[in-house]
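Hi everyone, thanks for making time for this. Have a look at the model on the screen, and I'll walk you through a few parts of it.

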Amino acid sequence: MMIKLMAGVIVGTLVTVGAQADDMANRGEYLATIMDCTGCHTGGALAGKPDAALYLAGSSIGFEIPGLGIFYPPNLTPDADTGLGGWSEADIIKSLRTGVRPDGRELAPVMPWRSYSKMTESDAQALASYLKSLKPVRNAIPQIAASSDAAKGPYLTVAMPKK
């Protein structure tokens, strides 16, 4: 009788933990959607033709910010070589809160991390967990180009108003 009771408690706990993980993944996916992560970080999205095979795997189309350079939205999948595979969930959260990557480089100015830094801890954890749960997609994107360098790929530009 005691063994059946303990087995029931264990199964009930596992079901609860599994449901909580599903809830967190669903919340993370929801947040990635309303934060429009796909608008920049999905291949083809900036050209109006998002490629489902490159979902959150980075973009070969960048943004030029006059005086700073051309920035290409990086791969957010957990691919070890081209994405966030080497980042922990804590690294992702810290980057969203501070605008600084684990390697010390600042995020591109077009990344709205200042707004994202206001997320609740549970939302930040859900988003980080979701990104880490994605299927890794190997997709190298062009390197950042300084203003004086030739572009490594196509890009959109931010035009400053003329006086």
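The protein has five helices and three strands. Please keep in mind that this is a predicted model. If you read along the sequence, the pattern goes α-α-β-β-α-α-α-β. There are 163 residues in the protein, and buried ones make up 35% of them. As for contacts between residues at least 6 apart in sequence, 56% join residues that are at least 24 apart.

Let's go inside. The largest nonpolar core has 20 residues, and the ones touching the most other members are M35, L56, I92, M119, L127 and L131. Which helices each supply at least two residues of this core? They are α1, covering 2-34, α3, covering 89-98, and α5, covering 121-133. The helix that gives the most is α5, with six residues.

Let's pick L127 from that list. Setting aside its neighbours within four places in sequence, L127 is in contact with G28, L31, A32, M35, L96 and M119. Notice that M35 and M119 are, like L127, among the core residues that touch the most other members.

Now for a pair of helices. In general, two packed helices are described by the angle between their axes and the distance between the axes. For α3 and α5, the angle is about 125° and the axes are 9 Å apart. Angles from 65 to 115 degrees would count as roughly perpendicular and those over 145 as roughly antiparallel, and α3 and α5 are therefore oblique to each other. The crossing of α3 past α5 is right-handed.

Who meets whom there? On the α3 side we have E89, I92, I93, L96 and R97, and on the α5 side E121, A124, Q125, L127, A128, S129, L131 and K132. Sorted by class, this contact has seven nonpolar, two polar and four charged residues.

Next, the backbone. As a rule, most residues other than glycine have a negative phi. Here are two residues with a positive phi. D36 is not a glycine, yet its phi is positive, at about 55°. You'll find D36 in the loop between α1 and α2, where α2 covers 37-41. L56 is also a residue other than glycine, and its phi is positive too, near 60°. L56 belongs to the loop between α2 and β1, with β1 covering 62-65.

Are these two residues buried or exposed? D36 counts as partly exposed because its relative accessibility is 46%, which falls between the 20% and 50% cut-offs. L56 counts as buried because its relative accessibility is 0%.

T42 is buried, since its relative accessible area is 4%. K49, on the other hand, is exposed, since its relative accessible area is 66%.

What do they touch, not counting residues up to four places away in sequence? K49 touches G43 and G44. T42 touches C37, P50, D51, L54, Y55, L56 and G58.

Note on methods. Residues are numbered from 1 along each chain as its sequence is written. This is a predicted model: local features need pLDDT of at least 70, side-chain atom pairs count only at pLDDT 80 or more; totals for chains, interfaces and linings use all residues. Side-chain values use heavy atoms; hydrogens and water are left out. A nonpolar core is a set of buried Ala, Val, Leu, Ile, Met, Phe, Trp, Tyr and Cys residues joined through side-chain atoms within 4.5 Å. Buried means under 20% relative accessible area, exposed over 50%, partly exposed in between (1.4 Å probe, protein chains only). Helices (H or I, at least four residues) and strands (E, at least two) are DSSP runs, numbered from the N terminus. Contact means heavy atoms within 4.5 Å. Axes are lines fitted to C-alpha atoms, for helices over the stretch in contact, and angles run from 0 to 180 degrees between N-to-C directions. Angles under 35 degrees count as roughly parallel, over 145 as roughly antiparallel, 65 to 115 as roughly perpendicular and the rest as oblique. A crossing is left-handed if the near helix is turned anticlockwise from the far one by less than a right angle, and right-handed if clockwise. Ala, Val, Leu, Ile, Met, Phe, Trp, Tyr, Cys and Pro count as nonpolar, Asp, Glu, Lys and Arg as charged, and the others, Gly among them, as polar.
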